[in-house]
Amino acid sequence: MIASLGDVLQDALKNRYAVAGLVCLGWEDMRAYARAAEAEGVPVILQAGPGCRAHTPIPVLAAMMRSVAESVSVPVVMHLDHSRDIDECRAAIAAGFTGVMYDGSRLSLGENIRKTSEVVRMAHEAGVSVEGEIGFVGYAAGESSAGTDPQEAQRFAVQTGVDAMAISIGNVHLQTDSETDLDENLLSDIEAITNIPLVIHGGSGVPKAQRAKLGRESAICKYNIGTELRQAFGRDLRQVLAVNPEKFDRVEILSELEERIVSTTRELLRGL
Ligand SMILES: [Zn+2]
């Protein structure tokens, strides 16, 4: 069932749980993630990030996500992840995405507020929700983070009208181990003066116990998770190929993989 980002995250905020924002690269993983969510009876956010969009055009992704979302009974959000281009957000909204993340985190606070507000106006007119980012979430072996300032977060939330806010509290993108603690004091300071759902990018790098605890106890309503599922996909693919060296048909190979992706994802969803 297709759902908007705002509806799914408001329910998560009210009932104190967190939803997985799963990084999709194509048909097989989207379908497996939706099946896993259906099996666990939880909502899920399917996300198309910059790498995915460089590979597959937005209208194609939207059509695939819609088909997958309509095939299950749990709420499925069709979400554009990390767009720095307002025209791209517009194209995603026109194609049927139900959530867009406008990433103005590299801009000055004033510019970030101005551009994010523009996306919010455009998206809300179409019934689409917007995630913004305040502070900067860095990248493993790349740009370093700038922690979110609670006062800036409060101003950003009020002035833009975003439906969800990605914050930087120790989380880092593309981490291949889960050993980086989130700063719970900074999180409390942000929660104390804002009332919108919070998003943690780089969810793969957060220790699983802390991820689960803060999902239940804080205003964190969405964890973006990519790396740990992509690692599992790569591992499983190598195994399937090694066990079946004679196989060459892509659909046959990926079909064998899909059950494994579903079970890995179910385990992840249970642990949030
Ligand atoms: Zn991110």
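Which residues on the other side of helix 9 are exposed? The legends below, which describe a predicted model, start with that helix.

**View 1. Buried and exposed residues of helix 9 (residues 208-217).** Arg211, Leu214 and Gly215 are the buried residues of this helix, and they lie on the same side of helix 9 because they cover an arc of only 105 degrees around its axis. An α-helix has 3.6 residues a turn, so residues three or four places apart point the same way. The buried residues of helix 9 pack against strand 9 (220-225), whereas Ala209, Arg216 and Glu217, on the other side of the helix, are exposed.

**View 2. The crossing of helix 10 (residues 227-243) with helix 11 (residues 250-270).** The two axes come within 10 Å and cross at roughly 140 degrees, which makes helix 10 oblique to helix 11, and the crossing is right-handed. From helix 10, Leu229, Ala232, Phe233, Asp236, Leu237, Val240 and Leu241 meet Ile253, Glu256, Leu257, Arg260, Ile261, Thr264 and Thr265 of helix 11. Sorted by class, this contact comprises nine nonpolar, two polar and three charged residues.

**View 3. The packing of helix 7 (residues 150-160) with helix 8 (residues 184-193).** These helices pack at an angle of about 35 degrees, their axes being 9 Å apart, and their crossing is right-handed. Helix 7 contributes Pro150, Ala153 and Gln154 to the contact, while helix 8 contributes Asp189, Ile190 and Ile193. By class, the contact of helix 7 with helix 8 holds four nonpolar residues, one polar residue and one charged residue.

Conventions: Residues numbered from 1 in each chain as written. Predicted model: local features only at pLDDT ≥ 70, side-chain atom pairs only at ≥ 80, totals over all residues. Axes fitted to C-alpha atoms, helices over the stretch in contact; angles between N-to-C directions. Helix = DSSP H or I, 4+ residues; strand = E, 2+ residues; numbered from the N terminus. Parallel < 35°, antiparallel > 145°, perpendicular 65-115°, else oblique. Left-handed = near helix turned anticlockwise from the far one by under 90°. Contact = placed C-beta atoms within 7 Å. Nonpolar A, V, L, I, M, F, W, Y, C, P; charged D, E, K, R; others polar. Buried ≥ 20, exposed ≤ 12 C-beta atoms within 10 Å, placed from the backbone. Arc of directions from axis to C-beta.
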